[in-house]
Amino acid sequence: MELQIEVQLFANGAKFLQSGSCSVITTDFRKEPEWKAAVSAYEWIQKIKSSVRYPGGLSNC
């Protein structure tokens with residue numbers, strides 16, 4: 001199963017928008033949809049944060 005994600009970030013006067021998808025195991029998602037979606041989104045956001053370089057870095061949301 002694919003989850004669609006869109007992230008809007010405002011940092012140091014710059015706007016950043018990224019969208020994409022991540023895969024989750026369908027049976028796991030059916031058991032705990034909110035938890036699986038949250039974990040997948042968190043992991044995806046961490047990848048974005050590690051690839052985006054702003055002066056002073058990005059703070060945790």
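## Basis

The model is predicted, so local features need pLDDT of at least 70 and side-chain atom pairs count only at pLDDT 80 or more, while totals for chains, interfaces and linings use all residues. Residues are numbered from 1 along each chain as its sequence is written, and side-chain values use heavy atoms, without hydrogens and water.

## Helix H2

Helices (H or I, at least four residues) and strands (E, at least two) are DSSP runs, numbered from the N terminus. H2 covers residues 33-51, 19 residues in all. Its expected span is 1.5 Å times one less than its number of residues. That gives 27 Å, and the end C-alpha atoms are 27 Å apart, which agrees.

Buried means under 20% relative accessible area, exposed over 50%, partly exposed in between (1.4 Å probe, protein chains only). In H2, Ser40, Ala41, Trp44, Ile48 and Lys49 are buried. They pack against strands E1 (2-11) and E2 (14-23).

## Nonpolar core

A nonpolar core is a set of buried Ala, Val, Leu, Ile, Met, Phe, Trp, Tyr and Cys residues joined through side-chain atoms within 4.5 Å. The largest has twelve residues, including Leu3, Ile5, Phe16, Cys22, Ala41, Trp44 and Ile48. E1, E2 and H2 each give two or more residues to this core. E1 gives the most, with five.

Contact means heavy atoms within 4.5 Å. Beyond four places in sequence, Ile5 contacts Gln18, Ser19, Gly20, Cys22, Ala41 and Trp44.

## Leu17

Leu17 lies in strand E2. Leu17 is exposed, at 56% relative accessible area. Beyond four places in sequence, its contacts are Glu6, Val7 and Gln8. Leu17 and Glu6 are eleven residues apart in sequence, yet 7.3 Å apart in space, C-alpha to C-alpha.
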